[in-house]
Each structure stands twice: as structure tokens, then as C-alpha cells.
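Me: I'd like to go through a protein model step by step. Can we do it as questions and answers?

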Amino acid sequence: MKLVQTLVVRDEADIVAAQIDYHLNAGVDFIIASDHDSRDGTTEILQSYVRDRHLRRIPVSGEMRDGPWRTHMARLAATEHGADWVINTDADEFWMSRGASLKEVLAAVPESHGIVFALSRHFVPRPDDGTFFAERMTVRVSAEVAINDPTSPYRPHLKAAHRADPGVTISFGAHTASSSRWPALHHWHPADVLHFPFRSPEQWENKGVRRARGDKPLGQYVMALRASEGGRTADRYRALHVDDATLERGRADGSLVVDHRLRDALRAIRCGSTENGAGAFDAGVISESVAVRDADIVRLHRHLDGVNVRMAALEDRTRRTRAR
Amino acid sequence: MMLVMTLVVDDAADALDVHLAFHLNAGVDFVIASDSGLHDDTREILETYSGEGCLRIFPTRGAEETSLLTGMARLAVAEHGADWVVPSSTHEFWWPRGESLKDVLAVIPERYAIVQALVRTVPARRREGQFIGEDWTARSSLLAPSSGERPQTPQRLLRPVYRAGPEMIVDPEDWTLGGRRVPLRAWYPIEVFDVSQVAPGADGDAAFDDLIARGELVVDTRLRDALRTLRVAGTGRFALPTEGRCRLAFPVPNIADDASYAVECAAVGEVDLVSLDAQIRELELRIAALEARFGPRVRRALRRLARRRS
């Protein structure tokens with residue numbers, strides 16, 4: 001089986017090499033990366049993997065077009081790189097399968113299905129002591145129920161992997177994939193996506209400012225932009241990061257858990273281990289899978305509210321036409 | 001961003017003063033307050049704030065509720081440039097889960113026209129001579145053991161805040177105007193402390209303590225503590241923002257706070273498969289009604305076209 005990874009990246013020099021090394025050690029055979037106007041050394045890092053023939057870099061610029069870029073890469077994986085399976089990633093995401101390697105769990109998907117979803121597990125910022133992010137960010141959210149705050153970076157969500165298909169379409173953020181060839185296998189999550197969205201005040205500010213002005217200004221980015229414009233980045237970031245007292249409280253009520261999986265995997269890679277990235281089962285998966293389902297019901301209801309507004313406008317127009 | 005509060009005033013002068021001071025320090029820029037023939041002492045407070053330039057009195061004698069609320073909201077838009085309107089009464093204190101009310105509302109995605117606030121009932125048990133707000137130290141919880149025994153419609157547990165528009169209608173019974181406005185469901189970035197109720201078992205602290213011990217009430221001193229910081233010593237009055245800077249610093253919830261709040265938001269029961277199913281069925285009926293209207297018209301148009309061609 002050939003496993004290809006797609007990657008959308010912009011100015012993530014602090015994490016991108018670890019992300020690529022991790023996935024190459026976890027069974028990924030080749031990476032296609034859309035490099036969006038990076039200026040912080042990310043491009044040079046990507047070029048080093050190009051030289052080693054592990055990666056194809058696609059320079060992209062201008063307004064962010066997340067879905068189309070991901071779709072283009074996923075199709076290239078099928079048409080030009082002989083992929084059997086494709087995982088769609090961001091630079092701050094690490095796919096970690098459970099119980100077996102990534103390739104093994106994907107090979108276990110029934111032939112009748114071709115799209116599966118990994119469960120995102122969000123890691124929280126910890127006090128910055130100058131160490132590498134994976135060494136200090138070892139706490140993640142494990143909310144009992146979904147946090148449905150549209151401005152929260154910790155809303156439950158899924159990331160799509162799929163069998164290679166020249167006609168596949170990937171959504172914004174790669175939360176869904178659609179294919180005329182392959183139906184999706186829902187409610188079974190073969191892997192976790194360990195997600196490290198915010199790692200330092202500077203990175204939070206830069207990412208937020210950029211994305212708030214992009215094609216889909218999520219509330220979490222608008223919040224960072226407002227903080228930056230008001231000169232309050234440090235204060236607001238403090239509310240995001242989890243100090244020891246919050247950690248203690250979160251562990252007691254089960255909303256936070258300590259998770260060393262990525263730290264240990266990266267340490268093993270640095271020591272030359274042939275670590276395949278397969279993580280152990282954790283019971284939180286069950287409740288977090290339920291939270292994803294509940295969050296999806298909320299998303300659907302909110303979407304339906306939008307349809308209702310359009311419907312009401314149509315009814316009003318019809319009424320006015322009849323009245324004439 | 002301009003945040004205007006429309007306030008239906010009743011005759012409770014001391015509550016009015018603390019209410020206005022709290023909200024003007026919580027991010028509200030301007031207040032439009034109804035006057036339906038108030039007592040002199042209440043009117044005097046309104047005139048004091050009006051003199052400060054942060055309040056306008058809206059005469060309302062005899063107005064029906066929807067037209068009163070709508071009138072005040074439209075005035076907020078037309079003459080005060082409101083982006084958001086908070087319709088309040090004097091016993092409601094709107095507490096942002098963020099740095100200020102403005103800060104919370106500014107990041108709400110454009111598609112949402114209504115933000116809902118979660119009601120917290122704060123039973124009052126004020127003693128003779130005590131400052132107002134000193135007794136506001138506990139509130140209801142949706143996780144109380146008996147909350148499941150008293151099922152309430154989600155709307156009774158929530159209050160709306162509206163994104164402003166020149167032709168907006170504020171209907172207290174139908175916030176979305178039959179689905180014409182999109183509410184932010186299942187997450188409530190503002191809490192409303194409702195201080196209108198007298199504590200159950202108000203005959204003594206023992207009954208109150210018992211409610212806390214049984215988890216029917218939870219200790220929550222946020223409102224009392226905030227009001228203490230606003231009190232101007234020796235005057236019995238409350239401080240207003242200076243040079244546009246609010247005096248209240250609201251704590252921004254961290255992830256552990258949000259995780260625990262999410263459990264209460266879920267307990268409101270606004271979104272589940274049953275309500276989703278009901279909404280889809282209602283939509284189907286409306287589509288069927290439109291089809292029934294359009295079908296004959298389309299057929300008639302086709303017949304006319306066919307006749308012309310023949």
C-alpha cells in the first residue's frame with residue numbers, strides 16, 4: 001500500500017519538520033505540500049525534504065483557498081503519485097493510529113468503503129519554558145460534552161482520509177471528503193489526530209491575524225486579530241494557556257488529561273527508533289466520539305437554521321407576488 | 001462596535017442605579033430606558049444618567065410590549081448606530097464570558113443574528129441596611145438534582161441579544177420571527193443573573209444553606225464582587241466608566257471553565273435529534289405548501305405556452 005499525505009502550510013517553521021518526520025516514520029510514503037507564501041523558513045525546510053525525494057512542494061499565494069488546494073493535492077496523489085490511501089493534514093496535526101500502524105488500520109477498512117475519519121484530540125498551550133512544543137504541550141482536552149462555542153479552537157471535529165480517487169473533493173479544513181466512487185465509513189475512527197493549534201503567543205497572534213483576514217475567518221482567529229489590534233495578545237493568550245492550577249482542576253473533573261504520546265514518539269525518532277506511531281487505546285475515545293456526534297448535530301441544526309431563513313424569504317416573496 | 005441596551009424600567013430605584021452602572025462598565029455604550037409614568041425617585045436616576053450622556057428616556061405610556069421593545073431597538077439603530085441590542089429589564093444582569101459584552105459579541109460570526117444568554121436565577125435575601133447586591137452570592141444550576149424533575153422549554157432558560165438592523169422587530173415570544181433570523185444555538189456566551197426572585201425558604205439562612213448543600217443552588221459571588229468594585233465609598237452610588245474605559249475586568253474563562261459550562265449548555269436541551277427532526281418535518285410541510293402554490297401556476301403557464309405555440 002502506498003500512503004500519501006497532503007499538507008497545507010504557512011509559516012510553521014517551529015513544527016513542520018517534526019510533523020513531516022513523524023509521519024514518514026508512521027508509514028507515510030510521500031507528502032504533497034501546498035506552501036502558502038511562507039516567509040519564516042518553512043519553505044527552506046520543505047525544500048530539504050524535496051531534495052530527499054520525500055515531498056513535492058506546490059507554491060501557492062494570495063487569498064487562502066483551503067478546499068481547492070487540498071482537493072488539488074488529493075487528486076494529484078491519485079493521478080501522479082500512485083497513492084492507495086491519502087491522509088489530509090495541517091502542519092499542527094499528527095495522525096496516530098490505535099493498536100496498529102496507520103497503513104494496517106487503513107488496510108482494515110472494508111473494500112466497500114473508501115473514506116474514514118480520524119478523531120481530532122486538541123492539545124492546550126502550556127507555560128512556555130523555551131522547550132520544544134512537544135516537550136511541554138502534553139495536556140489535551142477531553143471534554144465530557146461538546147464545546148459548541150463557535151470561537152473555540154477546541155470544538156470536536158474529524159479529519160478525513162480516503163482511498164485515492166482522481167475525482168475526490170476535500171472540504172475546508174479536510175473535515176469531510178466526497179467521492180463518487182467511495183462511500184464513507186462513519187462512526188469508526190481508526191486514528192487520532194493529535195492537534196497543537198496554539199504553541200506560543202507569537203504563533204497564535206501571527207496565525208490569527210492572517211486567518212482572520214482569509215477566506216474563512218473563524219471566531220478563534222478574529223479573537224486573536226482583535227487582541228493583536230488592541231495590543232492585548234499576551235493577556236488574551238494567558239487565558240488560553242493552561243497553568244498548573246487549571247491542569248489540576250481539569251484532571252480532577254476529567255476535562256483535561258495528560259498525554260505524552262507525541263512527545264514520546266518524537267523522542268524515539270530522535271533516538272533513531274523505527275517507531276511506527278501506533279498509540280494505545282484510551283477510554284476517552286468513546287466519550288469524545290460521542291461528543292463529535294453531538295457537535296455534528298449542533299452544526300447540522302445551525303445549518304438548517306440558515307436554510308430556514310432562505311425558506312422564509314422565499315415564502316415572503318411568494319406572498320408578496322400573490323398579493324399583487 | 002456600538003452596543004445599546006434597551007431597558008424596560010420598573011419602580012425599583014436602587015436596583016436601577018446599580019443595573020445601569022454595572023452594564024455601562026460591562027461594555028454597554030448607551031441605554032434607552034422606558035418611562036411608563038415612573039415615580040420621581042426612579043425618574044431622577046434616569047435623568048442623572050441622561051445628564052451624563054449615556055442614557056435616553058423613551059416615553060412609553062400605554063405601549064404594547066412588542067411595539068415598545070421594537071420601538072426602542074429601532075431608535076437604538078437609527079439614532080445611536082447600534083450594532084447589537086440587548087433588551088433587558090432592571091432585574092437582569094448580563095455577564096459576559098469574555099473581557100466585556102462587546103468583546104464577546106464582536107467575534108460572533110456574521111451569520112448569527114441572535115446570541116442567546118443563559119439565565120441564572122439569583123435568589124435575593126437582602127437584610128435591613130445591607131447594600132444592594134451583597135446578598136447575591138448563589139445562583140441556580142442546570143445540574144441541580146431537581147432540574148430534571150422540572151422540565152422547562154429551552155426558551156425559558158435563555159434570553160436573546162439581537163444583531164441590530166433598521167427594520168428589526170423584537171418579539172418577546174418569537175425571537176427568530178418564524179425562522180427569519182439565525183440564532184446561535186447550543187452555546188451561550190453571556191450569562192444573565194436574574195435577581196427578581198426572593199430566596200426559597202427566605203425565613204432564614206438555614207434553608208438557604210440547605211439548598212446549597214443539596215446542590216439546588218451553587219455559590220457564585222461574581223456579581224456581588226463586581227458590584228463591590230463599582231461602589232463609591234460613602235456616597236451610596238456606583239462609579240461610571242471614565243474616558244470610555246470600563247471599570248469591570250471580567251475573567252476570560254479557560255478551557256476547564258468552558259468544559260464544565262458546556263455540560264450546562266447541553267442541559268438546556270436546545271439541540272438534539274428530536275428537535276432537529278421536528279424542524280426538518282416543519283420545513284417539509286412548508287416546502288409542500290409552496291409546491292401546492294407553485295404547481296398549478298406552473299401548469300397554467302405551460303398550458304398558455306403550448307396554446308401559443310399551436
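Me: Which residue just after α1(A) takes a positive phi?

Reply: Keep in mind that this is a predicted model. Helix α1 of chain A covers residues 16-25, and the spot to check comes just after it. The phi there is about 120 degrees, and the residue is A:G27.

Me: Staying with that helix, what does α1(A) lie across, and at what angle does it run to β5(A)?

Reply: Among its residues, A:V16, A:A18, A:Q19, A:I20, A:Y22 and A:H23 are buried. The helix lies across four strands of chain A, namely β1 (3-9), β2 (30-36), β3 and β5. Its angle to β5(A) is about 20 degrees.

Me: Which other helix packs on the sheet, touching β1, β2, β3 and β4 of chain A?

Reply: Look for a helix whose direction makes about 155 degrees with that of β1(A). It spans residues 66-79 of chain A, and β4 (85-90) is one of the strands it touches. That helix is α3.

Me: Now the sheet itself: which are the edge strands?

Reply: Eight strands of chain A form an open sheet with mixed pairing, in the order β3-β2-β1-β4-β8-β6-β11-β5. From one strand to the next, the twist averages 25 degrees. An edge strand here pairs on one side only, and that picks out β3 (55-60) and β5 (93-97) of chain A.

Me: How many residues of domain 1 of chain A are in contact with domain 2 of chain A?

Reply: Domain 1 takes in 1-199 + 243-324, while domain 2 is 201-241. Their centres are 21 Å apart, taken over C-alpha atoms. On the domain 1 side, the touching residues divide into seven nonpolar, two polar and nine charged. Domain 2 puts in 12 residues, and the number from domain 1 is 18.

Me: Which element gives the most to the side of chain A that touches chain B?

Reply: In this contact, 41 residues of chain A meet 35 residues of chain B. Helices α7 (219-229), α9 (244-253) and α11 (284-323) of chain A each supply at least two residues of that side. The chain A side divides into 22 nonpolar, 11 polar and eight charged residues. With 16 residues, the one that gives the most is α11(A).

Conventions. Residues are numbered from 1 along each chain as its sequence is written. Chains are lettered from A and ligands numbered from 1 in the order in which they are written. This is a predicted model: local features need pLDDT of at least 70, side-chain atom pairs count only at pLDDT 80 or more; totals for chains, interfaces and linings use all residues. Domain bounds come from an automatic or database domain assignment. Two residues are in contact if their C-beta atoms, placed from the backbone, lie within 7 Å. Ala, Val, Leu, Ile, Met, Phe, Trp, Tyr, Cys and Pro count as nonpolar, Asp, Glu, Lys and Arg as charged, and the others, Gly among them, as polar. A residue is buried if 20 or more other C-beta atoms lie within 10 Å of its own, exposed if 12 or fewer, and partly exposed in between; C-beta atoms are placed from the backbone. Two strands pair if DSSP finds at least two bridges between them. Axes are lines fitted to C-alpha atoms, for helices over the stretch in contact, and angles run from 0 to 180 degrees between N-to-C directions.
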